[in-house]
Structures are given as C-alpha cells and as structure tokens.
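User: I would like to learn how to read the features of a model like this one. Please take them one at a time, with the general idea before the case.

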Amino acid sequence: MFLVMGPALMLLEDCFYPPLHFRMAQADSRALALGVLAGAAGISLAIVCFHKIGAGGGGRVLHLSSNADHTAGSLGLRTGQAEVLDQLGALIHCVSELKEEVKALKDALPHLQDNVRDHLRRTPTRRKRAGVSARSEGQSSEEAESEGGYITALTDSEEEESGDDQKPLQEPVDELTALLRKADRLHSSNGAEKSQGLNALLERKAEFDHKCQYLWRLSRAYADAHDFARDLAEKKSCAENGKKVGETVISINPLCAEGHQWYAIHCGLLSEYESIQNKIKNGYLFKDHLDKAIELKPEDPLSYYLLGRWCYAVSQCTWIERKIAATLFGEPPSATVQDALQNFLKAEEISPKYSKFNYVFLAKCYKDLGQKSQAQQMCDAASAMSIETNEDEEAQKELDALVASL
C-alpha cells in the first residue's frame with residue numbers, strides 16, 4: 001500500500017475543498033425539504049447531492065432558518081407551508097453553493113498532481129529499496145518501488161528499523177577500472193608519488209596489455225617517469241618505451257586521441273637524445289600526431305599547448321636548420337610566432353590558468369610580436385601562479401629571464 005496516500009489526500013482536501021457553512025435547525029427539516037424538492041421540482045440530482053452533503057460532508061450541515069415576516073404575509077399560507085418554503089429556498093441556495101464548489105474542484109483537478117508532488121517533496125521520505133516483500137509477491141523491483149506513479153516511502157519507524165538496509169547499493173568496480181583510476185590519481189598528484197604510476201601499471205601489464213585504455217595510460221606513465229629520472233640513459237629508455245607503447249595504442253585503435261597525443265610527446269622527448277636527422281624526423285611525427293589528437297579531441301588544452309610549443313620552436317629555427325630539414329625531407333617545417341600565439345591562447349580559452357608555462361610562452365610570443373604591454377600582463381599572470389611541479393620550476397626560471405628583458 002502507498003504510505004504517502006494519507007498526506008496526499010489531506011493535501012487534496014486542504015487545497016481544493018473550501019469549507020461549507022450550512023446547518024439545519026432540525027433533523028426533520030432535511031426530510032421535509034427533500035420531500036418538497038422532490039415533489040415540487042422533481043430534481044432527483046439535488047436529492048442525491050443533499051444526501052451526500054448530509055451523510056458524508058464531514059460535519060457540513062444545512063442551515064435553514066425560518067422567515068417570520070414571510071410567514072405572516074398576506075397570502076395566508078399556513079405556518080408549516082411557510083416553513084417548508086423557507087427551507088426550500090435555503091436548500092436551493094445550498095445547491096447553488098455546492099455547484100460553485102464543484103466548479104472550483106473541477107478547476108483545481110488539473111493541478112492536483114503537482115500539489116501532491118510538492119507536498120511529498122516537503123515530507124521527509126526515503127525511497128524504499130525493492131526487497132523481500134516484492135520478491136515474495138513476484139513483483140519486479142521497479143513495481144515494488146513505484147505503483148501508479150507514486151514513490152513508495154518508509155515511515156519513521158520503518159526507517160529506524162531498516163538501518164543499513166537503506167544504504168544504496170554500490171556498483172562493483174572491475175579490476176581494470178580500479179587500476180585506471182589509480183593511474184589517473186597518481187598522474188594528477190604532485191611530487192614523487194607521480195612517479196609511482198609506472199610501476200603500478202607495469203605490475204598488471206600481462207593482464208591488460210591488449211586494452212587501449214590501459215596502454216595509453218602506460219605511455220603517459222613512461223613520460224612521467226622520464227621527468228623524474230636523473231640518469232640520461234634512463235630518461236632515453238623511458239622515452240623509447242613510451243613511444244613503443246604509443247605505437248601499439250594507435251595500431252589497436254587509430255581513433256584514440258590520447259594514444260596519438262602521448263605518442264607525439266615521446267617523439268618530442270626523444271628528439272633530445274637523437275641525431276639531427278632523427279630529431280627532425282621526430283619533429284614531423286610530433287606535429288602530425290598532435291594534429292590528429294586535436295582532430296579527435298578538440299577540447300583538450302594539452303594538445304594546443306604542445307602544438308604551440310612546436311610552432312614557437314619552428315619559428316625560432318635558424319636558416320641552416322631549415323636547409324638541413326629541406327635536404328633530408330624535401331620540405332622544411334613551417335610555422336610562425338603568430339601560429340604559436342593562437343595555440344597558446346586556445347589552451348587558455350579552454351582551460352583558464354592552464355599552466356605557468358603557457359603564460360610564459362604567451363609572454364614570449366607577445367614580446368616577439370612587439371606587444372610589450374600584453375607580454376607584461378602574461379608575465380604578471382605567470383608570477384601569480386604558485387610553483388607545484390618540476391615544470392613550474394623550469395617555467396619560473398624562464399619567466400625571471402623574460403621579465404629582465406622586458
């Protein structure tokens with residue numbers, strides 16, 4: 001049964017039934033008035049309404065008063081007949097008011113559901129979990145929770161007795177999902193804890209090395225480990241392994257934006273340890289896969305920031321570096337400071353205060369374009385950001401040098 005129906009019906013009565021103030025002087029007057037109304041007017045509907053008012057009106061009774069002046073009229077009607085006429089007039093008045101009540105009720109019915117819902121919201125209830133009773137009666141959990149559009153609610157005593165049974169059931173998390181969440185948490189942390197992500201993922205590599213969502217996080221973890229490694233050989237090893245994992249991600253799922261993004265990042269990292277030829281080759285790969293990552297996931301600020309870095313680096317290439325690139329690959333890379341600026345601004349647009357380094361490179365671009373006031377504003381914005389990571393420390397060093405040159 002619906003435990004909320006009692007409050008709902010009380011709400012219905014309070015909101016949509018205006019009080020009636022009718023009393024009859026005597027019980028016999030009712031029968032007499034009914035007889036006259038039925039015999040003289042023949043309105044059987046009025047009799048039904050009157051009976052309902054008298055029997056179930058919740059204390060509402062007709063009030064028929066005698067009219068002494070009318071009784072003493074010159075028409076010479078007998079006293080009993082005059083009283084009957086007075087009572088008949090009162091009854092007609094009652095029927096008229098009843099008609100107004102019915103009209104008011106009719107107007108209010110369309111809003112009944114909203115008012116009941118509002119009342120239920122104000123009443124502290126708790127959704128009852130489909131339990132033993134529903135299963136014993138062969139009902140589904142949905143039927144046990146809701147019948148006829150009303151939510152089944154517990155009374156206060158039932159809430160106290162139910163205890164822990166009322167706690168919502170939590171969907172179990174599979175091992176892969178738990179591992180991915182842990183990897184994301186470690187990557188987002190600062191300090192040495194960030195470097196722990198690689199070992200956490202490598203421990204489960206045999207189980208999940210065919211899962212794209214696992215592999216691109218493993219590639220990312222190699223990049224994090226590269227940043228914390230102190231030995232040059234170890235740094236290069238992390239970049240090489242991360243690039244291989246990135247290749248595997250792209251081969252499994254060419255539409256994985258994160259796979260292209262972290263593959264590009266490792267190409268950029270390897271350029272620090274390769275020959276001129278491989279450095280230029282990795283530069284082309286870096287640009288191509290970043291463009292693909294942006295195409296697949298256009299609202300990731302990291303891709304725009306990295307592409308801005310690439311554009312700025314290319315814009316600073318010397319003539320000899322461009323000639324070498326043209327000799328090796330036929331066409332040298334092309335990008336301007338304005339291209340770099342637009343990418344850094346896009347990263348800031350997607351994620352305001354994205355990074356300290358993004359502000360530093362915005363300042364560099366504005367300085368190179370001769371817009372020193374904007375460059376100073378970006379330097380101020382960078383200075384206002386705290387230093388939390390190794391990258392922030394490097395950004396601060398470049399910021400200090402940049403401020404001194406303005």
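Predicted model: local features only at pLDDT ≥ 70, side-chain atom pairs only at ≥ 80, totals over all residues.

User: Which residues of α21 are buried?

Analyst: Ala-375, Met-378, Cys-379 and Ala-382 are the buried residues of α21. They lie on the same side of α21, because the arc they cover around the axis is only 105°. Gln-377 and Ala-384, on the other side of α21, are exposed.

User: How many residues of α13 are buried?

Analyst: The count for α13 is 14 buried residues of 17, so this helix is largely enclosed by the rest of the structure. Its reach, from first C-alpha to last, is 25 Å, close to the 24 Å expected at 1.5 Å a residue.

User: Where is Arg-220 found, and is it buried or exposed?

Analyst: Arg-220 is found in helix α13, residues 212-228. It counts as buried because its relative accessibility is 7%, under the 20% cut-off. The side chain of Arg-220 is joined to that of Asp-184 by a polar contact of 2.8 Å. Leaving out residues up to four places away in sequence, Arg-220 touches Ala-183, Asp-184, His-187 and Trp-262.

User: What does Trp-262 touch?

Analyst: Trp-262 is found in helix α15, residues 257-270, and is buried, with a relative accessible area of 9%. Residues up to four places away in sequence aside, Trp-262 touches His-187, Trp-216, Ser-219, Arg-220, Ala-223 and Leu-302. Trp-262 and Ala-223 are 39 residues apart in sequence and 8.1 Å apart in space, C-alpha to C-alpha. The side chain of Trp-262 also makes a polar contact of 3.4 Å with the side chain of Gln-261.

User: Which residues touch the most other members of the largest nonpolar core?

Analyst: In soluble globular proteins, nonpolar side chains tend to be buried together. Here the largest nonpolar core has 59 residues, and Tyr-214 and Tyr-305 touch the most other members. Neighbours within four places in sequence aside, the contacts of Tyr-305 are Phe-344, Ala-347, Tyr-354, Ser-355, Phe-357, Asn-358, Phe-361 and Glu-391.

User: How many disulfides does the structure hold?

Analyst: To test for a disulfide, look at the distance between cysteine sulfurs. The structure holds 0 disulfides. Take Cys-365: the closest cysteine sulfur, in Cys-311, is 9.2 Å from its own, too far for a bond. Cys-365 is buried, with a relative accessible area of 0%. Cys-379, one of the buried residues of α21, has a relative accessible area of 1%.

User: What is the phi of Lys-353 near, and where is its place?

Analyst: Most residues other than glycine have a negative phi, and most peptide bonds are trans. Lys-353 has a positive phi, near 60°. Its place is in the loop between α19 (337-350) and α20. Lys-353 counts as exposed, at 61% relative accessibility.

User: How many helices and strands are in the chain, and what percentage of its residues are buried?

Analyst: Whole-chain totals give the setting for the local cases. The chain has 22 helices and 2 strands. Of its 406 residues, 36% are buried. Among contacts between residues at least 6 apart in sequence, 64% join residues at least 24 apart.

Technical notes. Residues numbered from 1 in each chain as written. Heavy atoms only, no water. Buried < 20%, exposed > 50% of the residue type's maximum accessible area, 1.4 Å probe, protein only. Helix = DSSP H or I, 4+ residues; strand = E, 2+ residues; numbered from the N terminus. Arc of directions from axis to C-beta. Core = buried A, V, L, I, M, F, W, Y, C linked by side-chain atoms within 4.5 Å. Contact = heavy atoms within 4.5 Å. Polar contact = N/O pair within 3.5 Å; in protein donor to acceptor, adjacent residues only side chain to side chain. Disulfide = S-S within 2.5 Å. Expected span 1.5 Å × (residues − 1).
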